[in-house]
Amino acid sequence: MFPSKTLLSLILITLSAVDASPLGRRASEATLPVGTEITNGKGVIYTIQVGVGAGTYTLMVDTGSANTFVGADKAYAPGPNSQDTGETVSVTYASQSWSGEEFLDDVTLSGLVISGQSIGVASSSTGFEKGIDGILGVGPVDLSSGTTSGGGTVPTVLDNLYYQETITEEVLGVYFIPASESGTGGLTFGGYDGSVTTSSVNYVPITSTSPASNFWGIDGSISYGGTTILSSTAGIVDTATARILIATDAFQKYRSATGGLLDSATGWLSITSAQYDNLKPLEFNIGGKSYDLTQNGQIWPRSLNTAIGGSSSAIYLVVGDSGSPSGSGLDFTLGYTFLQRYYSVYDTKKGVGFARTAHTDSTTN
């Protein structure tokens, strides 16, 4: 989740705890499975069940922010080690915001326990669906700068898992599958799950271009059917964004090439069956590797059209307009419709990595 002019659509996804996946590292790593629950007309939210103090909370998983907070729905229940820091904290996103007090408390992610994690306890919040208690921010720590009254940054849960030597590598692995398919994905703290990838993980360093450099930002270019629509530039990877958002000029090229029309109900591009049959590959060149989306990978699951407020008989493209021209320093966002096709790894030393999975070429949408 990040500042954007585009209203994000979301699907509710709940994670529960399982034993750590054997990745050749410590047994203290944890992989948590992803299940799906569709919200009526609101789309999709990826969440995880997190133990905070004396309670368990349903928190959005967000690689586009760094603060963790509770209290948007279920009230905070302090644990025996809870400490009020005396500082206030507030964060504003694209269409959501919250403010409240900062506490330090124990946080549990499956079998991984963090002592003294900074937690925002919201006294007010806007834009959060009922049942969503807050956010688990796993973006780079600098995104928390200035969010507390004391200034500075707030270590993320990933930072503290590493600093407290609970995990040996400050790495997060994210495995999503198309929402139209049965089965589970997974979120891995301390590594990545090589059992679900079908290629090696290829890494690209964090971009030096601002403001993308503040996020899990990368450099890349985009082509459609072999024709470049966005030259090499900077963008970000964000688990809390639904669509693939591209700079306005690139979006207009994509729209013209596909023949898509803006749907008044959803604000998404809609195409006919004949236009779908003629879709060409959408190609992302990242770090010298090509990550292609097939015809099916470029559309929203038709069985879930009503989840975005659309018509059940329509075909919606998952590529949207970022609202800014290219050259802004953040020219694309790879949301979860891209991440359902490619495994992603967020590594504080190597940058961002991608790998193919069994769902890269799925045709279930």
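User: Hi! Among contacts between residues at least 6 apart in sequence, how many join residues at least 24 apart?
Analyst: Hello! In this predicted model, 67% of those contacts in the chain join residues at least 24 apart.

User: Nice. And what is the secondary structure of the chain?
Analyst: There are four helices and 24 strands.

User: How many of the residues count as buried?
Analyst: The chain has 365 residues, and 56% of them count as buried.

User: Okay, on to the core. Which residues have the most contacts inside the largest nonpolar core?
Analyst: That core has 76 residues, and the ones with the most contacts inside it are Leu109, Phe189, Ile246, Phe284, Leu334, Phe338 and Phe354. Strand S3, residues 43–52, gives the largest share of this core, with five residues.

User: What is Leu109 in contact with, leaving aside neighbours within four places in sequence?
Analyst: Leu109 is in contact with Ala30, Ile48, Val50, Ile114, Leu136, Leu161 and Phe189. There is also a second, separate core of 13 residues, with Met60, Ala122, Phe128 and Ile132 among them.

User: Switching to strands: do S13 and S14 pair in the parallel or antiparallel sense?
Analyst: Antiparallel, over seven bridges; S13 covers residues 217–224 and S14 covers residues 227–237. One of the bridge partners is Thr233 in S14, for Gly220.

User: What about the hairpin of those two, which residue takes a positive phi?
Analyst: Gly225 does, near 60°, and the hairpin has two residues between the strands.

User: Which way do S14 and S22 run, parallel or antiparallel?
Analyst: S14 and S22 (residues 332–334) run parallel and are joined by two bridges. Ile236 has Thr333 in S22 as its bridge partner.

Conventions
Residues are numbered from 1 along each chain as its sequence is written. This is a predicted model: local features need pLDDT of at least 70, side-chain atom pairs count only at pLDDT 80 or more; totals for chains, interfaces and linings use all residues. Side-chain values use heavy atoms; hydrogens and water are left out. Buried means under 20% relative accessible area, exposed over 50%, partly exposed in between (1.4 Å probe, protein chains only). Contact means heavy atoms within 4.5 Å. A nonpolar core is a set of buried Ala, Val, Leu, Ile, Met, Phe, Trp, Tyr and Cys residues joined through side-chain atoms within 4.5 Å. Two strands pair if DSSP finds at least two bridges between them.
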